[in-house]
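Reader: Before we discuss helix packing, could you please show me the model?

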Amino acid sequence: MTNVLTRPRGADAAPNGPEQYPAPRYRSLLGADRSSWLYWATIIVLAVLVLAPVVPTLIQALSDRPLYESGGVFTLDNFVRLFTEADFGMVALTTLAFAGLTTILTILIAVPMAIVVVRTDIPGRRIFGVGMQWPFFISSLILGFGWITMYGPAGFVSTWVRSAVGTVPWDLYTIPGMALTEAVALAPIAYLFCANALRNADASLEGAAQTVGAGPFQILRSVVVPMLRPPVVYSSILVFSMSVETLSVPLLYGQPVGITVFATFLYKNGLQSINPDYGILGAASTIILLVTVLLVVIQGKLLREAKRFVSVRGKATRPRLLDLGWIKWPAVVFIVIYLLFGAVIPIGGLVFRSFTAFFTPLANPFNALTLANYQRIWEFPVYLASIRNSLIVAAVGAVLVSVLATIAVVVARRSTFRYRKLIEYLALAPQAMPGLIIGIGLFWAFAFAPFGLGAIVQGTLAAIIIGFGLRALPSAFGSISPAVMQVGEELDNAARVSGADWLRTFTRILSRLITPAFGAALVLSFVTMLKEYSPAIFLGSAKTNVIGTTMLELWVQGNSGSVAALATIQIVITAVFVGVAGLLMKGNKIDA
Amino acid sequence: MPDVVVSQLKKEFGGNTVLHEVSLTIKDGEFFTLLGPSGCGKSTTLSCLAGLEKPTSGVISIGEETFFDGERNKFVPPEARNLGMVFQSYALWPHMTLAQNLAMPLKLRKVPKGEQQTLIHDALDKVGMAHLADRYPHQLSGGQQQRVALARALVYSPRVLLLDEPLSNLDAKLREQARVWLKRLQSELGITTIYVTHDQEEALAMSDRIAVMSSGHLLQVGSPEDIYERPATAEVAAFIGRSNFIDGTIRSVVEGKARVVVEDATAEFEVHADRGFAAGDAVTVAFRPERATLVDASAAAPDASVLLPGDILATAYVGSRVEYTVRFGKRTLLVDHYRGGFTGPVNVALPEDAVRLYPRTDVVPEDVEELMAVTV
């Protein structure tokens, strides 16, 4: 055998002769190699998915009649009517008030909590840190149900207070009530950003302050708090844009008393009116989209800026904990109140409610224990089907979304594709698309898809999967992207030089190395899609209800016991799934 | 294995030119080194050769086969070039054993299973790692990983071996041994090797020829002796080894002898000038510390053509020699001498062939100049 390793110098018989192991050849189709085909397929799939709900919405907004009627004429009339007949200006102001108040409350809860948990020596810091992850398991819809069950006009706590004091000093069905609930749900997100910034910050800054004689409070005021400005600004915008598009709390609290925000406006005009005005719906969606897109663009800009502030050092310095003295006890009480009254009592109450026939402090609920609420779900095939549908949508959707997100990340970050930046923008674009608008837009898109393609999808679980999947795509992309960035590019390059084309490098090397991140994206997408419901309000049919839409239906019927039962089922499924997935992934880590 | 020819290679990154029309010919079987400080374009050149970067213009070919031709818009992707490459981080695939790492390029080439086994064993054996074939990369030391990376790059008998600072992650002692080992292996195999490094000692010790690069330009190509003894430009003299630089002006040129007046100090001398210097030209005079000797100012001048009067500023004993810092006008000069004991006024004596003249260049960075400047 003559190869380089055994051949003595100068013994090369035929210097230009055929090589012993020539480089592998890869087939190309129509002049483009197979990697290019994948690039183009990815960008086309993403573009179709993202544009499908947007384009019909824009056309509808500018058309004088419903899209399904031929001969539509371009007009701005819809926008005029939106602000005159439909009083959209008032809706916008209400939304602004609601989102603004939510943002302020969220920051007021999150910032002190982040400082106290990350940087001071309060007891139980670790438990509080874990406790802040509760919204991962519980959707804001369920939280809303829980709050109403406990603090609503006829809620358990309200009734108890009324019987004790004679009156209830709060009213949940107001803008401040809505904002408080929403803030409790969103506080963990702002907390996460602030806590990360505090953990990453250079501890020697504080050490430096200590050496010049600053006390713990001076350090907090002059070093820690200013460092928090970037994450606070960023998470404010994030929370603001999330509360601009949220449906759950406004629907449960505001709708009955006539407080209308963006999402409930779409809900009311699109679903509740017998003869929906599509022009107004399109125009409203367009304006809402403009607002959310603008907010997401600002977020992107701020995040890039914020990254400049974060001083991550190569050497990990463990932040020194500040000794707060007696102040730490009020701090602990504050956090306990948030977790207890914000999450534990409402959710615990809701779960308890699911096992009782009635739920009021006026009669001992322990005497009314029953499984009837679960039985009702069990007996009605549509309710049972909604659980099955949710599981199918979440499972199939999670796989599809994670695969698409992985391919999008790898093409966006690791290819020489000319439009790789565009792929990233497309994958992250659904961040700016409220669930209801995705629902309405896809509904229209299916109705007008060529070759009757839409008719095949319309009203099936596939439609729900597409809608929910779009919503879950940005977070899946965001969770895989850092893992890909962590894999050294030289590993790719080594495979390329060894004879693997781009696609084979991906399948043989990169895909294996990001398997843990792919697993995490699967779990995240599954949980996100299990909790999701808003696109299904427009996309769903009687056969394709999911847990969320069924809960809403039961709620409207006044069947709060079964709502509580379904909510409990959803929480249990999520917890079991996350627990099993966590065990599996831990097992994998030991193998590797 | 035919010659590697690079001509007029140019690479721009978003309007920034990192390679300025570099041309090189690397001969069959040669150990060729691209040497330069970080950011000089040496790694970019290597990446262009490997096909990992697409050049802006120029031509790259190996023998009859053209890998890149900017004018004909031809670009052969890395997987079709059949080259071997070792990366700075070694880039061993962490999820595969050593044997699997080596098997990958063979599998891609559809080499029969039985032959694969033999090839993998031979390659690992060559680098002394055959007994660890079933280990995973993270179970190896850095030096072992580096050798496996080399085996992986050689196992499929590539046309040319590309090495991107493969020794830079090893500690100093190991690096010296690896240098000897790698050079011996290369000459045994006779494979054309292109080596990228910023370490001049490495380059001098291993290479058949060296190309010195700086900010995207090729400064000089030559044998290690050429590069060290006869640097083509003041930058090369500054980058390779240590050099003293003095600014001066040519007063006259007579019969190939240039008379140089030193700025910043009172001295003038006559040296051989091989370039077309003319009277009035501003020049940079360079010489190496080990080529100079010291004589007491009071002692008789030795038979040297250049004498530079100065005062000893500092003395550093470094074992094999003594390093003197000599105040020379507003500058300091570095002189190596075999014995210590010089103090006060001295003469720095230089044989004529130790002194090289270059057109005036700013080779000393400003901050270094500040440190070296003598404030009286």
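**Helix packing in chain A**

Reader: At what angle do the axes of H5 and H11 of chain A cross?
Author: Helix H5 (residues 140–151) and helix H11 (residues 248–257), both of chain A, have axes that cross at roughly 30 degrees and come within 8 Å. H5(A) is therefore roughly parallel to H11(A) (angles under 35 degrees). Helices here are DSSP runs of H or I with at least four residues; axes are lines fitted to C-alpha atoms over the stretch in contact, with angles from 0 to 180 degrees between N-to-C directions. The model is predicted, with local features needing pLDDT of at least 70, side-chain atom pairs pLDDT 80 or more, and totals using all residues, while side-chain values use heavy atoms without hydrogens or water. Residues are numbered from 1 along each chain, and chains are lettered from A as written.

Reader: Which residues make that contact?
Author: H5(A) contributes A:Ser140, A:Leu141, A:Gly144, A:Phe145, A:Trp147 and A:Ile148, and H11(A) contributes A:Ser248, A:Val249, A:Leu252 and A:Tyr253 (heavy atoms within 4.5 Å).

Reader: And how many are nonpolar, polar or charged?
Author: The contact has 7 nonpolar, 3 polar and no charged residues, with Gly counted as polar and Tyr as nonpolar.

Reader: Turning to H1(A) and H18(A), at what angle do they pack?
Author: H1(A) packs against helix H18 (residues 435–448) of chain A at about 80 degrees, the axes being 7 Å apart. H1(A) is thus roughly perpendicular to H18(A) (65 to 115 degrees).

Reader: Which residues meet there?
Author: From H1(A) come A:Ala52, A:Pro53, A:Pro56, A:Thr57 and A:Gln60. H18(A) supplies A:Ile437, A:Ile438, A:Gly441, A:Leu442, A:Trp444 and A:Ala445. By class, this contact has 8 nonpolar, 3 polar and no charged residues.

Note on methods:
Helix = DSSP H or I, 4+ residues; strand = E, 2+ residues; numbered from the N terminus. Parallel < 35°, antiparallel > 145°, perpendicular 65-115°, else oblique.
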